[in-house]
Amino acid sequence: MSATLCGGFFALSGAGFSRAAEPEQFSNSILVFWFVAGVALAIPLWLPAIVPPRYPRFLKVCRRVCAVLLLFPTWLFGTIVGNNVGRILSGFSFTPIALAQGLVLTGCCLVCLFVLLWPEFRRHAERPPQVSGPG
């Protein structure tokens, strides 16, 4: 669900910008480009879900790499929130819809980052404490 939200928002925003910037050159190839860009942005959200658990080492590496890659969309959507909060604090008008979208998308990315790294946190928390032997 988060992959659809984040990738879809990115693709629709890009396509909307392309249509507004150059409406006379807008074509289906531009829509395909933004669709592919949205899928690429969402790769860290859906790739670990399709890796089979019978390859635990590959799954572990995939989770870690996707967690690092997920920092980019988190930063990207977080800047929407930061800019709107900055506008609120400076007294300028802000866009409530953009703030809500930024909050939802940043929240989705942060939740997905937590879900990706949860097995790592759990493994470190379940380790028994080291007890030194006699002597």
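Does Phe10 count as buried, exposed or partly exposed, and what is its relative accessibility? Phe10 counts as partly exposed because its relative accessibility is 23%. The legends below describe a predicted model, beginning with the whole chain and then moving to close-up views.

**Figure 1. The protein chain is built from six helices and zero strands.** Reading along the sequence gives the pattern α-α-α-α-α-α. The C-alpha trace spans about 80 × 40 × 20 Å along its principal axes. The radius of gyration is 20 Å, whereas a compact globule of 135 residues would have one near 14 Å. Of the 135 residues, 27% count as buried. The accessible surface comes to about 9,400 Å², and carbon and sulfur atoms account for 71% of that area. For contacts between residues at least 6 apart in sequence, 63% join residues at least 24 apart.

**Figure 2. Phe10 and Trp34 pair edge-to-face.** Welcome to one of the five aromatic pairs that a search of the whole structure finds. The ring centres of Phe10 and Trp34 are 5.8 Å apart and the planes meet at 65 degrees, so this pair is edge-to-face; the cut-off for that class is over 60 degrees. Phe10 belongs to helix α1 and Trp34 to helix α2 (residues 28-41), so the pair ties together parts that lie 24 residues apart in sequence. The cut-off for buried is under 20%.

**Figure 3. Phe10, Phe33 and Trp34 are linked into a cluster by ring pairs.** Stay with Trp34 and look at its pairing with Phe33, which is also edge-to-face. Here the distance is 5.1 Å centre to centre, with 75 degrees between the planes.

**Figure 4. Phe35 is an exposed residue in helix α2.** With a relative accessibility of 55%, Phe35 counts as exposed.

**Figure 5. The largest nonpolar core contains 18 residues.** The members that touch the most other members are Cys6, Leu45, Leu70, Phe77, Cys109 and Leu116. Helices α1 (2-21), α4 (56-69) and α6 (96-125) each supply at least two residues of this core. The largest share, six residues, comes from α6. In soluble globular proteins, nonpolar side chains tend to be buried together.

**Figure 6. A closer look at Leu45 and its contacts.** Leaving aside residues up to four places away in sequence, Leu45 touches Ser2, Ala3, Cys6, Leu70 and Cys112. Among these neighbours, Cys6 and Leu70 are listed with Leu45 as core residues that touch the most other members.

**Figure 7. Helix α5 covers residues 71-90.** This helix has 20 residues, and the distance from its first C-alpha to its last is 27 Å, close to the 28 Å expected at 1.5 Å a residue. The buried residues of α5 are Pro73, Thr74, Phe77, Val81 and Asn84. An α-helix has 3.6 residues a turn, so residues three or four places apart point the same way. Phe77 is also one of the core residues that touch the most other members. Just after α5 comes Gly91, which takes a positive phi of about 95 degrees.

How values were computed: Residues numbered from 1 in each chain as written. Predicted model: local features only at pLDDT ≥ 70, side-chain atom pairs only at ≥ 80, totals over all residues. Heavy atoms only, no water. Helix = DSSP H or I, 4+ residues; strand = E, 2+ residues; numbered from the N terminus. Expected span 1.5 Å × (residues − 1). Buried < 20%, exposed > 50% of the residue type's maximum accessible area, 1.4 Å probe, protein only. Core = buried A, V, L, I, M, F, W, Y, C linked by side-chain atoms within 4.5 Å. Contact = heavy atoms within 4.5 Å. Phe/Tyr/Trp six-rings, centres within 6.5 Å; stacked < 30°, edge-to-face > 60°. Rg over C-alpha atoms; globule rule 2.2 N^0.38 Å. Areas by Shrake-Rupley, 256 points an atom, 1.4 Å probe, with all protein chains shown as cover.
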